[in-house]
Amino acid sequence: MQRYFVTEPSLFVGQKVTIRGEDFHHIVRVMRMKTGQQVSVAAAGQVGLASITAISKETVDVTIEELLVKDAEPPIFVTLIQGLPKGEKIDSIIRQACEVGVTQISIFTAMRSVGCVPWDKKEQRLTRWRKMAKESAEQAQRRRIPEIDHYDHLEQAILALPDQAVVLVPYEAQDLNLPTLKQEIRELDRTINHVAIVIGPEGGFDTKEIDQLKQRQGRLLTLGPRILRTETAGIVVAANLLYEWN
């Protein structure tokens, strides 16, 4: 069933909710839905089963019939701190991370990033990325839209983390005899509630960035003998982490 995110502070049975903008267009023009058909709506971590009660030129009114208990959110808060890759690779990273269950995506311009986010285009980029996150969260039937932010460098992204967050850092240095991802995940204290995964861009981390991560007690680890692309590594780590937690 198609899901739409709305801005209500809460949902309750019998509530009337009005859908506008692109979601209105999707319901009427793309899905060609009619009054009486059902959709699910999500707001503030709640999800309701709703019936379409009225369609006008610019709005669709729905009425909440039932609050749904089934929860597609992971039991742990996962932040993906992703070094900005070149081109449109970040698009697939955002989509797949949202589908897998990542809670927040912090994109940073790394020392070895080829691309950059000009200051006068930052809000435009964030708007586009957040739209992708919304669409992916709807497709994955999630209760919340993952948060998307951009930082000018890694240190800013690290400082934005809560103190209790555990930081996992896949690192390509095979000669350091690093622990494996499996070892690190299975040794994590199951009472923690926040894990951050830090991924470098195509050129990897600069040594200064590794020093910053070590100062934040980042846990360097290896993903094995095969070197993964930047757009693959974070998804692999998040999927393994959430598999163990779920």
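Here are some numbered notes on this structure, which is a predicted model.

1. Start with the parallel sheet. Six strands make up an open sheet, and their order across it is E8-E7-E6-E10-E9-E11. The pairing is parallel. At the edges you will find strand E8 (147-151) and strand E11 (219-221), each of which pairs on one side only. As you step from one strand to the next, the twist averages 20°.

2. Now look at strand E7 and its partners. Strand E6 (residues 77-83) and strand E7 (residues 104-108) run parallel and are joined by five bridges. Within this pairing, leucine 80 faces isoleucine 105 of E7, while isoleucine 81 stands opposite serine 106. E7 is also joined to E8 by five bridges, and these two strands run parallel. Isoleucine 105 has a bridge partner in E8 too, namely isoleucine 148.

3. How do the helices link these strands? Together, E6, helix H2 (residues 89-100) and E7 build a right-handed β-α-β unit. A right-handed β-α-β unit is also made by E7, helix H3 (residues 122-139) and E8.

4. Is E7 buried or exposed? The strand is mostly covered, with five of its five residues buried. In a regular strand, side chains alternate between the two faces of the sheet. For E7, both faces are covered: Gln104, Ser106 and Phe108 are buried on one side, and Ile105 and Ile107 are buried on the other.

5. H7 (residues 230-245) lies across E6, strand E9 (166-170) and strand E10 (194-199), and it runs at about 160° to E10. To see some contacts in the model, select leucine 241. Beyond its neighbours within four places in sequence, leucine 241 is in contact with Val78, Ile185, Leu188, Val195 and Ile197.

6. Turn now to the antiparallel strands. Strand E3 (residues 38-43) and strand E4 (residues 46-55) run antiparallel and are joined by six bridges, with valine 39 standing opposite alanine 50. E3 and E4 form a hairpin with two residues between them, and alanine 44 in the turn has a positive phi of about 50°. E4 is also joined to strand E5 (residues 60-67), this time by seven bridges, and the two run antiparallel. Here alanine 54 stands opposite aspartate 61, and the hairpin from E4 to E5 passes through four residues.

7. Why does glycine 36 count as exposed? Its relative accessibility is 53%, so it passes the cut-off for exposed, which is over 50%. Not counting residues up to four places away in sequence, glycine 36 touches Ser51 and Ile52. From glycine 36 to glutamate 231 the C-alpha distance is 42 Å, and the two are 195 residues apart in sequence.

8. Finally, the charged pairs. Side chains of opposite charge can pair when their charged atoms come close. The structure holds 11 salt bridges. One of them joins glutamate 22 to lysine 131, with the closest N and O atoms 3.4 Å apart. This pair links distant parts of the chain, since glutamate 22 is in helix H1 and lysine 131 is in helix H3, 109 residues apart. Glutamate 22 counts as exposed, at 54% relative accessibility, whereas lysine 131 is partly exposed, at 37%.

9. Arginine 130 forms one with aspartate 149, where the closest N and O atoms are 3.3 Å apart. Lysine 134 and glutamate 138 meet in another, at 2.7 Å from N to O. Because lysine 134 and glutamate 138 are four residues apart in H3, about one helical turn separates them. Lysine 134 is partly exposed, at 21% relative accessibility, but glutamate 138 is buried, with a relative accessible area of 6%. Salt bridges that share partners join Asp23, Lys134 and Glu138 into one network.

Terms used. Residues are numbered from 1 along each chain as its sequence is written. This is a predicted model: local features need pLDDT of at least 70, side-chain atom pairs count only at pLDDT 80 or more; totals for chains, interfaces and linings use all residues. Side-chain values use heavy atoms; hydrogens and water are left out. Two strands pair if DSSP finds at least two bridges between them. Axes are lines fitted to C-alpha atoms, for helices over the stretch in contact, and angles run from 0 to 180 degrees between N-to-C directions. Contact means heavy atoms within 4.5 Å. Buried means under 20% relative accessible area, exposed over 50%, partly exposed in between (1.4 Å probe, protein chains only). A crossover is right-handed if, with the strands pointing away from the viewer, the path from the first strand over the helix to the second runs clockwise. A salt bridge is a side-chain nitrogen of Lys or Arg within 4 Å of a carboxyl oxygen of Asp or Glu.
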